[in-house]
Amino acid sequence: MPRFSVIVPVYQVQDYLIECLDSVLGQDGPSLELIAVDDRSPDGCGALLDGAAAADPRVTVLHLPENVGLGRARNAGLEVATGDYVVFLDSDDTLTPGLLRSIDDRLRATGDPDVLVYDYARTYADGRITRAASAHVFGAPSPDVFDLAARPDLLDLLQVVWNKAYRRDFVTEQRLVFPAGYYEDTPWTYPALLAAGSITLLDEIGVHYRQRQEGGNILATAGRKHFDVFAQYDLVFAFLDRRPDLDHWRPVVYGKMLHHLNTVVAKPGRVPAGDRREYFRRAAEHCARLRPAGYRPPAGVEGVRLELLGHGRYGAYQAVRALAGARRLVRR
């Protein structure tokens with residue numbers, strides 16, 4: 001049984017795929033299997049994967065009969081994974097050299113906890129590498145092993161699946177799976193962190209997160225698929241419904257949800273202009289249904305914006321944004 005199962009869903013990344021695979025297969029130290037899931041990629045990715053499998057017995061390739069999307073492709077990889085720990089990697093990103101050895105050393109030193117979290121850096125076409133703004137979270141004083149109650153600031157991190165190693169038995173016990181649609185990491189990462197009885201941190205950059213210029217990031221593509229964010233948070237709160245012992249986290253998760261809903265609508269090029277009022281109506285319905293009694297909005301302009309979004313006040317929200325933009329312009 002390998003120590004790590006590295007699951008890589010693959011779709012239209014022919015120019016980056018070999019670099020991604022090499023970053024995994026070039027890892028030294030603990031045993032690994034690389035499970036590459038060809039999500040019916042229309043380019044040459046399938047042939048590249050077959051070539052990698054022929055050259056290295058650690059590579060398993062799954063060719064899906066139809067395109068199912070990132071989340072369900074990961075599920076297909078999970079079904080055949082055999083490692084002690086599962087690591088996810090997107091196929092245009094890379095692992096940093098020596099990461100799996102560092103993860104293994106940390107896991108063994110801390111008694112093989114449920115989840116290990118590491119940091120990432122953004123990489124740009126001009127060669128720049130910039131560590132994420134979350135570095136202070138990893139540098140903060142912390143117990144070696146803890147649950148989320150001891151370090152709630154982990155919820156301030158970008159909630160992505162690919163900056164963590166998960167004990168596979170824990171994944172099975174918690175029945176963690178990815179849904180279809182955009183923002184598929186959300187219903188995985190929140191339950192994983194909330195349910196974990198033991199978490200540890202690795203203060204290292206583990207992933208180089210490629211910032212593609214040619215529109216490779218689907219979340220930066222305008223369309224109604226961004227409305228999927230509502231269904232994904234329904235799944236998070238359905239998880240909390242099944243776990244009354246975690247009920248005290250509802251106000252915190254609700255606040256994170258509001259920030260996320262705001263990010264989706266505030267980022268240019270996501271929600272089409274003609275759909276923004278509908279997005280606000282959906283947000284109001286969503287928040288009215290899920291708002292917990294103990295939630296308190298943050299202070300200041302940010303809190304005002306979140307409350308306006310949560311109550312569907314599109315016109316007032318736009319006015320507050322315009323005023324804040326004018327103030328920034330005056331200061332400059």
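Predicted model: local features only at pLDDT ≥ 70, side-chain atom pairs only at ≥ 80, totals over all residues.
Me: Is Q12 buried, partly exposed or exposed in this model, and which value tells me?

Reply: Values under 20% count as buried and values over 50% as exposed, with partly exposed in between. Q12 has a relative accessible area of 43%, so it is partly exposed. As for its place in the chain, Q12 belongs to the loop that runs between β1 (4–10) and α1 (17–25).

Me: Which phi does D112 have, and where does D112 lie?

Reply: D112 is likewise not a glycine, and its phi is positive at about 55°. The residue sits in the loop between α4 (99–109) and β6 (115–123). Its relative accessibility is 29%, and therefore D112 counts as partly exposed.

Me: How should I read S198: is it buried or exposed?

Reply: The cut-off for buried is under 20% relative accessible area. S198 has 15% relative accessibility, so it counts as buried. This serine is part of the loop between α7 (186–195) and β9 (199–210).

Me: Which residues are in contact with S198, once its neighbours within four places in sequence are left aside?

Reply: S198 is then in contact with P113, D114, V115, V145 and F146.

Me: How many salt bridges does a search of the whole structure find?

Reply: A salt bridge pairs a side-chain nitrogen of Lys or Arg with a carboxyl oxygen of Asp or Glu within 4 Å. The search of the whole structure gives 27 of them. One of these pairs is R101 with D28, whose closest N and O atoms are 3.5 Å apart. R101 is in helix α4 and D28 in the loop between α1 and β2 (32–38), so this pair ties together parts that are 73 residues apart in sequence. R101 is partly exposed at 38% relative accessibility, and D28 is partly exposed at 37%.

Me: Which residue forms a salt bridge with R106, and where do the two lie?

Reply: The partner of R106 is D144, with 3.5 Å between the closest N and O atoms. R106 is in helix α4 and D144 is in the loop between α5 (135–139) and β8 (164–167), so that the pair links distant parts of the chain, 38 residues apart. R106 has 23% relative accessibility and counts as partly exposed.

Me: What joins R291 and E307?

Reply: Their side chains meet in a salt bridge, at 3.3 Å from N to O. This pair also links distant parts of the chain, 16 residues apart: R291 is in the loop between α10 (276–290) and α11 (300–310), while E307 is in helix α11. With a relative accessible area of 33%, R291 is partly exposed.

Me: Where on the model do R321, R327, R328, R331 and R332 gather, and what charge does their patch have?

Reply: These five arginines gather on the surface, in a patch of positive charge. One of them, R321, is found in helix α12 (residues 314–331). R321 has a relative accessible area of 32%, so it is partly exposed.

Technical notes
Residues numbered from 1 in each chain as written. Heavy atoms only, no water. Patch = residues over 30% accessible without salt bridge, like charges linked within 9 Å, V, L, I, M, F, W, Y side chains within 5 Å. Areas by Shrake-Rupley, 256 points an atom, 1.4 Å probe, with all protein chains shown as cover. Lys, Arg positive; Asp, Glu negative; His and termini not counted. Charge placed at Lys NZ, Arg CZ, Asp CG, Glu CD. Helix = DSSP H or I, 4+ residues; strand = E, 2+ residues; numbered from the N terminus. Buried < 20%, exposed > 50% of the residue type's maximum accessible area, 1.4 Å probe, protein only. Contact = heavy atoms within 4.5 Å.
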